[in-house]
Each structure stands twice: as C-alpha cells, then as structure tokens.
Amino acid sequence: LDPDYAQAHAAFGQMRAMSYIGTTDPRDLDEALEHLERAVALDPDLGEPYLWLAYCLARRDQFAAAIRAGRRAIELDRSRAEAYYFTATAYWMRGATDYESGDWEKAAVELERAAQLNPTYQPTLMVLADVAIRLGRLDQARIVMKQAVELESSGKGEAAKFVGGQSQLGMLELDQGNLDLAEKHFAA
C-alpha cells in the first residue's frame, strides 16, 4: 500500500534475514539486504534496519560496512542491546574469518554491554562464551555458558535462542580434562 514506508521495509528485511538463518538460501539474504537498504534510504534515522543490516553485511563478508551499520544502530539507540549484539557479531565473524587483530576483544566489549542491557537474550551469552574461549578467558566462558544453558533450558530467555549450550559447555569441560562434567553436559 505504501512502497515508501521505511518501517515495513525494515520489518520485511528482518524477516528475510531470519529466514536466511534457517535456510541459508542466498536469495533470502539478497531480499533481506534489498529491503533493509531501502529502509535506510527512506529513513536514515530509523534504527531498526541497521541491526539486521549489520548481520546481513557480515554474512556477505562485508565486515567494514557491517560494523558501520552496527555503530549507526548504537548511535541511534544506545540503550538497545541488539545494537551492541549485532555490532559484536560483525567483529566476531571478521575475527573468525579474516583474523583481524583485536576483533575478538572488540566483540567482547560489545557483547558485555549487550548482556548488561539485556541479560535474558541468550544468543548474546552464547557468542560471548565463544569469544571468551578464543581470548583464553576460560573461567568467564564457563560462567557465561552456564547462564546461557540456564536460559535455554528454563525457557526464560527472550526472543530467539541458540541451541547447543550444553554441548558447548561439554566441549569446554572436555578440553579442560573434566571428563565427568563433560559427559554430564553431553548427556543433558
């Protein structure tokens, strides 16, 4: 009804990005980017599209653009945990693929801020645990993973959730030689 309604493009872009997460169909990612970029063009001060734009651009390995989109989301709403989360995921993905020096540290800072703002968003904790492992912060990783597992198993987490917290915790315990604890987590 209104092809110039930025919020509708942002919402449709988010929906297509979430579809991409489930299907990995590149057409979903293409369509998500098309709508998110249209939303930004229509209303550059609307924060919503920048969140998912950061994710989609990172999935395209356009990390600098993804980080800029995430930074814009933070600039528009410093109280929104997802802005920090999506910025962090761009750093996390670049660190894992391009091995950019300092990316995991930057991701950790953004994820810790996201967790402060919204401690019930379980994906933040799962990614933070992975980043902590990569940084050698195993005690922090264990604590954060246990929080993620609690949210995963209790159903008290907010919105989307990652699965596999028990397995991730089991792998950490296995790597540390704690075989009994590892087996407990793998069996859960």
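Leu-179 is placed in helix H10, where helices are DSSP runs of H or I with at least four residues, numbered from the N terminus. The model is predicted, so that local features require pLDDT of at least 70 and side-chain atom pairs count only at pLDDT 80 or more, whereas totals for chains, interfaces and linings use all residues. Residues are numbered from 1 along each chain as its sequence is written, and side-chain values use heavy atoms, with hydrogens and water left out.

With a relative accessible area of 53%, Leu-179 is exposed; the classes are buried under 20% relative accessible area, exposed over 50% and partly exposed in between, with a 1.4 Å probe and protein chains only. Together with Met-171, Leu-174 and Phe-186, Leu-179 forms a nonpolar patch on the surface, with about 370 Å² of accessible area in total. Such patches consist of residues with over 30% relative accessible area and no salt bridge, nonpolar side chains (Val, Leu, Ile, Met, Phe, Trp, Tyr) being joined within 5 Å and like charges within 9 Å. Accessible areas come from the Shrake-Rupley method with a 1.4 Å probe, and for residues only the protein chains shown count as cover. At least two residues of the patch are supplied by each of helix H9 (165-175) and helix H10 (179-187).

Helix H9 also holds Gln-168, which counts as buried because its relative accessibility is 17%. Residues up to four places away in sequence aside, Gln-168 touches Met-126, Ala-129, Asp-130 and Met-145, contact meaning heavy atoms within 4.5 Å.

Two packed helices are described by the angle between their axes and the distance between the axes. The axes of helix H1 (residues 6-23) and helix H3 (residues 48-59) come within 9 Å and cross at roughly 35 degrees. These axes are lines fitted to C-alpha atoms, for helices over the stretch in contact, and angles run from 0 to 180 degrees between N-to-C directions. The crossing of H1 and H3 is left-handed, a term used if the near helix is turned anticlockwise from the far one by less than a right angle. Among the residues that meet are Gln-14, Ala-17 and Met-18 in H1 and Trp-52, Tyr-55 and Cys-56 in H3.

The count of salt bridges comes to 14, each being a side-chain nitrogen of Lys or Arg within 4 Å of a carboxyl oxygen of Asp or Glu. In one of these, the closest N and O atoms of Arg-16 and Asp-28 are 2.3 Å apart. This pair links distant parts of the chain, with Arg-16 in helix H1 and Asp-28 in helix H2 (residues 26-42), 12 residues apart. Both Arg-16 and Asp-28 are buried.

The side chains of Arg-72 and Asp-45 form another salt bridge, at 2.6 Å from N to O. Arg-72 lies in helix H4 (residues 63-76) and Asp-45 in the loop between H2 and H3, so the pair ties together parts 27 residues apart in sequence. Asp-45 counts as exposed, at 55% relative accessibility. Arg-72 also forms a salt bridge with Glu-75, the closest N and O atoms being 2.4 Å apart. Glu-75 and Arg-72 are separated by about one helical turn because they are three residues apart in helix H4. Glu-75 is partly exposed, with a relative accessible area of 48%. Salt bridges that share partners also join Arg-16, Asp-28 and Glu-31 into one network.
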